[in-house]
Amino acid sequence: MQGATGFKVIKNGKLFDGTGSVPLQNAALLIENDRISYVGPEAGLPPVLEGTTLIDAKGGTILPGLVEAHFHPTYFNVAALEDLDIKYPVEYVTLLAAANARLALECGYTSARSGGSLFNIDVWLKKAIESDVTPGPRMTASGREICGVGGLMDWNPDFRKIGMEGLVLLVNGADEARAAVRKLVKDGVEWVKTYPTGDAAAPDTNDHHTLCMTFEEMRAVVATAHNHGLKVTGHCRATEGIKNALRAGYDAIEHGTFMDDEAIELLLQRDVPVVPALYFEYASVVRGPEFGLSQRVIDGHQETLDGGAESARRILAAGGRMGMGGDYGFAWNPHGDYARELTFFVRHVGLDPLVVLKCATKTGAEIMGRGKDFGTLEKGKLADILVVAGDVVGDISILEDKSRFVAVIQGGLIKGGLLAKPQMARLTLSSQAQ
Ligand SMILES: [Zn+2]
């Protein structure tokens, strides 16, 4: 990804730097090429050189670019899970994925960890973004998801003669699990996404269904993936499934819905991060009837929502880490709504907005394995920055409205927000000069 050249100064903002420090009023940032070279009180800003671009935060908020920690660019706002595998050919899904990546960046998400991909699109989408072929978040890519035969993602009985080539690799036993990971190694993925447990949304399983993969299969996935330097995560709702994944050596847990004391303890032993993706459940309950979800499925989502919220509170209270990612890509939970996850955790789960922002920035970057590069606003880090009109800490829902974004900055380049529009940028700069 081409970084910026030259200097930019952002000033007159309230700084949330993502490190856990309290927000700083009258803060300023100096960007030198693609990195941050000063961050702190405006009074301490080094002398501004001629030719420096000035960005006036106008009393708004300066924060790290957001990290979507459970991103499915290839999920194209489907109204039924089954549509994912059969509605469109790979060529069209690839174009939709590129459009979703562009949208995520416009929404202030400068980085994203893929939580599972149709075909091997995310690996190549990542390459296209890094090569500046198409705009999008910095990505870590996963590929086709691994699920046991007859598990959550294997819903087509044989008589339908419909394969599942694009969405999942179906495995029977440890040998096939190893073979699936080896295929993903060749594909170039960084994260292996698996399905250890069921889900309220699926026709043949529920949110307490544990054995979509056996422990032996999960162990085989982890051993093979780690051998090749890949990380492993899994869709884990049921309590025993979460514990199986943690005992098998998983590097992250998606959802972590029904955690008991032992699950929390296992989680903390290796400091394994969890991405709850809970707004999806809320949207499924509230908007599900509009899209024909059955009462049984909606009740399941409600139970998942309650259990997931309780687990999220317990994970953080116990000192665990949590990323913010929302499983966006369904009709009731479409791409573009990413920041609703953050609002949901403040308003419905009752978390402090500063905690939620840290989950959505610093922890997200750590989950991606890129904590040294971005996720906080510190000297030497990549200049992935969001400048927003208004007090995000006071009202986190401001992040849902991209018309409030002054600038979305990635690697020092202005990629979104009002300043991405050249005429607006000139106006701001001339008003600065006066
Ligand atoms: Zn997902």
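Two strands count as paired when DSSP finds at least two bridges between them. In this predicted model, strand S7 (residues 109–114) and strand S8 meet that condition, pairing in the parallel sense over three bridges. Serine 111 stands opposite arginine 138 in S8. The chain is divided into domain 1 (7–65 + 376–433) and domain 2 (66–367).

**The three-strand sheet**

- The sheet is open, its strand order is S6-S7-S8, and its pairing is parallel.
- Strand S6 (66–71) and strand S8 (138–140) stand at the edges. Each has a single partner strand, so one side of each is left without a neighbour in the sheet.
- On average, neighbouring strands here are turned by 20° against each other, direction ignored.
- Helix H2 (residues 90–106) packs on the sheet and touches S6 and S7. The direction of H2 makes about 135° with that of S7.

**Contact between the domains**

- The C-alpha centres of domain 1 and domain 2 are 31 Å apart.
- Contact involves 21 residues of domain 1 and 21 residues of domain 2.
- On the side of domain 1 that touches domain 2, strand S5 (61–64), strand S16 (405–410) and strand S17 (413–416) each supply at least two residues.
- S16 gives the largest share of that side, with three residues.
- By class, that side of domain 1 has nine nonpolar, eight polar and four charged residues.

**Helix H7**

- H7 spans residues 261–269, and its buried residues are Ala263, Ile264, Leu266 and Leu267.
- These residues lie on the same side of H7, because they cover an arc of only 160° around the axis.
- An α-helix has 3.6 residues a turn, so residues three or four places apart point the same way.
- Asp261, Glu262 and Gln269 are exposed on the other side of H7.
- The cover over the buried residues of H7 includes helix H6 (239–248), strand S14 (274–275) and helix H9 (295–317).
- Aspartate 271 follows H7 and has a positive phi, near 50°.

**Leucine 418**

- Leucine 418 sits in the loop between S17 and helix H12 (422–433).
- Leucine 418 is buried, because 20 other C-beta atoms lie within 10 Å, and the cut-off for buried is 20 or more.
- Phenylalanine 405 is 13 residues away from leucine 418 along the chain, and their C-alpha atoms are separated by 6.4 Å.

**Isoleucine 385**

- Isoleucine 385 lies in strand S15 (residues 385–388).
- Isoleucine 385 counts as buried because it has 27 C-beta neighbours inside 10 Å.
- Neighbours within four places in sequence aside, isoleucine 385 is in contact with Ile10, Leu29, Ile62, Pro64, Gly65, Leu377 and Ile409.
- Glycine 375 is ten residues from isoleucine 385 along the chain, with 9.1 Å between their C-alpha atoms.

Definitions and conventions. Residues are numbered from 1 along each chain as its sequence is written. This is a predicted model: local features need pLDDT of at least 70, side-chain atom pairs count only at pLDDT 80 or more; totals for chains, interfaces and linings use all residues. A residue is buried if 20 or more other C-beta atoms lie within 10 Å of its own, exposed if 12 or fewer, and partly exposed in between; C-beta atoms are placed from the backbone. Helices (H or I, at least four residues) and strands (E, at least two) are DSSP runs, numbered from the N terminus. The arc is that of the directions from the helix axis to the C-beta atoms. Two residues are in contact if their C-beta atoms, placed from the backbone, lie within 7 Å. Axes are lines fitted to C-alpha atoms, for helices over the stretch in contact, and angles run from 0 to 180 degrees between N-to-C directions. Domain bounds come from an automatic or database domain assignment. Ala, Val, Leu, Ile, Met, Phe, Trp, Tyr, Cys and Pro count as nonpolar, Asp, Glu, Lys and Arg as charged, and the others, Gly among them, as polar.
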